[in-house]
Amino acid sequence: MDSEGNSTMDFIFVDEEGTKMHATVIKTNYHHFRIALPEGEWREITRFQISNDNWNNPQFMVADHTYMIILRHETVVLPIQPLSDNHFFQFSSFERVISGRHDVNYPVDFIGVISYMGKLSPPVRNLEERRSLPFHLRSLSNTELYCIAYEDLAAQLYQAWKDNASEPLICVLSEWRVARSNRECFVIYRSHYFPS
């Protein structure tokens, strides 16, 4: 939600140099931009607003850039050829996160091997429930993080785990959140729910 209480959809835009910037769109334009801006695709965007009023609520901060992009009804989105084949991951060490040196206000990227897969919760019966899947991710130094995936990603990850049960499953977690509870650290995928 924005500062006026309107529902929003948030993105992280990355340019060809790897600069990440928060972008948002209000609910009335969800469906248009959800289709026009598929994840991982390059797009040219014009007629948008720039604001230096990046979110004050840490729960909604998605990039540490001073400015944010606001997509409006008149914003134009055109497909373009890729300007880079880099995924611009900024992997954090597990030790940095566990020790508390990572700023939990911003998402983080990890790479590791899934060392434990929990049970996939049953399909949801109402909008207040979210399907979830706990798992552990282990680094090369054998440090483990407790992680939770939600919604569609939970089911996709569980299926990938089942399909590769005889092989170690190397996993890249991009733009995940770190949370703390009772001195324990865990990593959460905060997927966004977009009603159809």
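This is a predicted model: local features need pLDDT of at least 70, side-chain atom pairs count only at pLDDT 80 or more; totals for chains, interfaces and linings use all residues.
**Overall layout**

The chain contains three helices and 11 strands. Read from the N terminus, the order of elements is β-β-α-β-β-β-β-α-β-β-β-α-β-β. The chain has 196 residues, and 36% of them count as buried. Its accessible surface comes to about 12,500 Å², and carbon and sulfur atoms account for 49% of that surface. Among contacts between residues at least 6 apart in sequence, 58% join residues at least 24 apart.

**Salt bridges**

Side chains of opposite charge can pair when their charged atoms come close. The structure holds three such salt bridges.

| Aspartate 109 | Lysine 20 | 3.8 Å |

Aspartate 109 and lysine 20 meet in a salt bridge at 3.8 Å.

Is glutamate 175 buried or partly exposed? Its relative accessible area is 25%, so glutamate 175 is partly exposed. Lysine 20 has a relative accessible area of 14% and is therefore buried, the cut-off being under 20%.

Glutamate 151 is in helix α3 (residues 151-163), while arginine 130 is in the loop between β7 and β8 (132-138), 21 residues apart. Glutamate 151 counts as buried because its relative accessibility is 18%, and arginine 130, at 39%, counts as partly exposed. Through shared partners, salt bridges join Lys20, Asp109 and Glu175 into one network.

**Helix α3**

Helix α3 has 13 residues, which at 1.5 Å a residue should span 18 Å; the end C-alpha atoms are 19 Å apart, which agrees. Which residues of α3 are buried? They are Glu151, Ala154 and Leu157. Seen down the axis of α3, the buried residues fall within an arc of 105°, so they line one face of the helix. The face turned away from this buried side carries the exposed residues Asp152, Gln156 and Asp163.

In soluble globular proteins, nonpolar side chains tend to be buried together. The largest nonpolar core of this chain has 19 residues, and those with the most contacts inside it are Phe110, Ile114, Phe135, Leu137, Cys147, Leu157 and Leu173. At least two residues of this core come from each of α2 (94-98), β7, β8, β9 (144-150), α3 and β10. A second, separate core has 14 residues, including Leu37, Ile45, Ile69 and Leu71.

Isoleucine 114 is one of the residues with the most contacts inside the largest core. Leaving aside residues up to four places away in sequence, isoleucine 114 touches Phe135, His136, Leu137, Leu157, Trp161, Leu169 and Cys171. Leu157, among these partners, is also one of the buried residues of α3.

**Two loop residues**

Asparagine 29 lies in the loop between β2 and α1 (30-36). With a relative accessible area of 10%, asparagine 29 is buried. When residues up to four places away in sequence are not counted, asparagine 29 touches Arg72 and His73.

Glycine 100 is found in the loop between α2 and β7. Its relative accessibility is 40%, so glycine 100 counts as partly exposed. Glycine 100 and arginine 180 are 80 residues apart in sequence, and their C-alpha atoms are 9.0 Å apart in space.

Technical notes: Residues are numbered from 1 along each chain as its sequence is written. Side-chain values use heavy atoms; hydrogens and water are left out. A salt bridge is a side-chain nitrogen of Lys or Arg within 4 Å of a carboxyl oxygen of Asp or Glu. Buried means under 20% relative accessible area, exposed over 50%, partly exposed in between (1.4 Å probe, protein chains only). Helices (H or I, at least four residues) and strands (E, at least two) are DSSP runs, numbered from the N terminus. Contact means heavy atoms within 4.5 Å. Accessible areas come from the Shrake-Rupley method with a 1.4 Å probe; for residues, only the protein chains shown count as cover. The expected span of a helix is 1.5 Å times one less than its number of residues. The arc is that of the directions from the helix axis to the C-beta atoms. A nonpolar core is a set of buried Ala, Val, Leu, Ile, Met, Phe, Trp, Tyr and Cys residues joined through side-chain atoms within 4.5 Å.
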